[in-house]
Amino acid sequence: MAIVLFVFGAFLLAQENLQNLLKKWGDQIQINAYLDKDLGAAEVSLLRDKIQNFSEVEHVRHISRQQAWKDFQAVLGAQSNVLEGLPEDVLPASFEIFIKPAYRDGPIVEAFANRLRKEKGFTTVEYPQEWVDRLSLMVLAVRWLMWALTAILFVAVFFIVRSTVRLAILARKDEIKVMRWIGAPEQLIQAPFVVEGMLQGLIGAGLSVLGLWFSLRFLRDQTPASIGLFGSLDRLQFIDWGSIALILAIGSLLGASGSVFSLRRFMRTWRG
Amino acid sequence: MEGVLAALAAAFMIELSNVSKIYPPNAAALKGISLQIERGECVFVTGASGAGKTTLLKLLCCEEEPSEGQIFINGKDLIGLNNRGVARLRQQMGLLFQEFKFLPHMTALDNVALAGLVIGAPRRESYNKAYRLLRELGLQKKCNAKPPALSGGEQQRIAIARALINDPMVVLADEPTENLDAELAEETMRLFLKSRERGTTIMVASHDLDFSQRYRARVISLHQGCLVDDSNPATKKGGTG
């Protein structure tokens with residue numbers, strides 16, 4: 001069971017880190033809304049306040065024409081001399097609109113962008129649609145993969161515990177028979193097995209968490225500092241306390257329920 | 001019909017109606033046994049080996065189920081009793097069979113007291129009573145010994161103490177004095193009869209006819225699974241013998 005919970009924990013770890021990564025990428029999702037050249041400062045301010053009040057919006061950054069020019073120059077770097085001769089107000093002012101995490105889903109972002117397009121004062125509204133769609137798909141895939149694997153793992157753990165408890169019951173068959181002989185209630189006979197199953201589950205889960213921690217440390221020590229897209233492994237985080245508690249609770253629960261199911265079956269078939 | 005039988009059965013502590021037990025493939029251990037035993041009655045079941053004495057007791061404590069017929073204990077139909085019902089029934093019974101069924105890792109005192117504890121009796125009370133019974137049976141010096149370290153006779157006395165600790169409604173004893181000397185056999189029977197004074201119904205299976213006659217109790221004789229004699233003329237004879 002410790003091995004199965006270890007795999008489950010490893011998956012939680014991967015999922016948490018992957019979600020952190022996706023969140024970081026998601027933070028970069030922004031809608032660029034280019035402002036009409038004729039808008040005055042007061043109108044820009046009013047429009048900014050209006051956009052800021054939309055429920056989907058995390059914050060709005062106003063990029064003035066001058067700022068846009070500077071940013072463009074910075075992007076071009078050494079090649080910025082190609083801009084010589086152009087007026088500094090050639091680029092339009094814009095709003096960089098950052099979306100709240102809950103709304104970073106392809107269709108929601110698209111619907112919001114369409115709403116912005118209908119606002120007066122914007123000439124063009126654009127966002128990295130393909131990127132948003134891919135990100136949404138990845139989040140969805142990770143979530144579904146987690147549920148599917150979790151279900152498979154739980155079934156596996158349940159059967160493993162059931163078999164283990166069955167062996168324990170067989171080993172203590174005589175003891176159970178004596179207890180029944182003297183009229184012990186079923187709950188009293190079952191209680192030690194349920195507690196034992198629960199403790200086994202808890203210990204297995206604890207071992208899996210420890211194993212996971214050592215594995216992560218080993219991974220950090222033995223792998224190169226950077227692995228491309230995922231950046232540094234030093235940034236990999238161990239599962240949080242909530243997830244540790246979840247693994248321990250699942251271990252205990254599966255241990256106890258495996259015991260109860262095995263016991264029920266055995267108790268039904270035994271007479272005497 | 002069932003209601004009538006249940007009402008009739010309640011008048012007796014034990015009632016068997018046309019009970020048979022057939023072990024596969026076709027070995028009949030009991031054939032059409034019908035009998036009634038009143039509350040507080042002491043009954044000896046006699047017969048040679050293989051007569052069906054142990055099977056009869058096993059049916060009464062639900063260790064076996066009859067192939068046919070009905071069994072009532074204190075008006076309760078035992079057929080189809082679930083595990084919870086069996087546990088409740090056994091809490092009201094003192095069982096003493098040839099296989100003693102002890103927890104080997106527990107002491108003699110613990111084994112006896114456990115029978116009190118499982119029915120929810122207070123710990124101190126259970127242990128005091130267990131010690132008193134073991135003392136009466138001459139085992140006060142063996143209280144802390146574990147059953148596997150004791151002789152057959154000593155184990156038998158532990159089982160007797162365990163059977164009596166809860167002042168049971170019914171005592172079912174299979175050859176309870178087999179491993180005991182005459183003095184201890186007398187003491188055991190004295191304990192059984194003492195519990196009878198409190199209203200306990202006692203059924204003792206014994207192949208020793210002289211022993212049963214000494215106590216002037218009702219004697220039910222079995223032969224090859226059939227009831228062949230019942231010293232109580234009010235009781236019907238069953239079976240073919």
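L210(A) is found in helix α7 of chain A, in what is a predicted model. This residue is partly exposed, because 13 other C-beta atoms lie within 10 Å of its own, and a residue counts as buried only from 20 or more such atoms, as exposed at 12 or fewer. Along the chain, L210(A) and F6(A) are 204 residues apart, while their C-alpha atoms are separated by 8.8 Å.

Chain B can be taken next as a whole. Its secondary structure comprises eight helices and 10 strands. Of the 241 residues in chain B, 46% are buried. When contacts in chain B with a separation of 6 or more are considered, 69% of them are between residues 24 or more positions apart.

The largest nonpolar core has 71 residues, and the members that touch the most other members are L60(B), V112(B), L134(B), A161(B) and L172(B). For L172(B), leaving aside residues up to four places away in sequence, the residues touched are L57(B), L60(B), C61(B), M93(B), L95(B) and M203(B). One of these, L60(B), is itself among the members of the core that touch the most others. There is also a second, separate core of 18 residues, which includes L12(A), V157(A), A205(A) and I239(A).

The last stop is a pair of strands in chain B. Strand β9 (residues 218-223) and strand β10 (residues 226-230) of chain B run antiparallel and are joined by four bridges. Within this pairing, I220(B) has D230(B) in β10(B) as its bridge partner. The two strands form a hairpin with two residues between them, where Q224(B) takes a positive phi near 50°. As background to reading such strands, in a regular strand the side chains alternate between the two faces of the sheet.

Methods. Residues are numbered from 1 along each chain as its sequence is written. Chains are lettered from A and ligands numbered from 1 in the order in which they are written. This is a predicted model: local features need pLDDT of at least 70, side-chain atom pairs count only at pLDDT 80 or more; totals for chains, interfaces and linings use all residues. A nonpolar core is a set of buried Ala, Val, Leu, Ile, Met, Phe, Trp, Tyr and Cys residues joined through C-beta atoms within 7 Å. Two residues are in contact if their C-beta atoms, placed from the backbone, lie within 7 Å. Two strands pair if DSSP finds at least two bridges between them.
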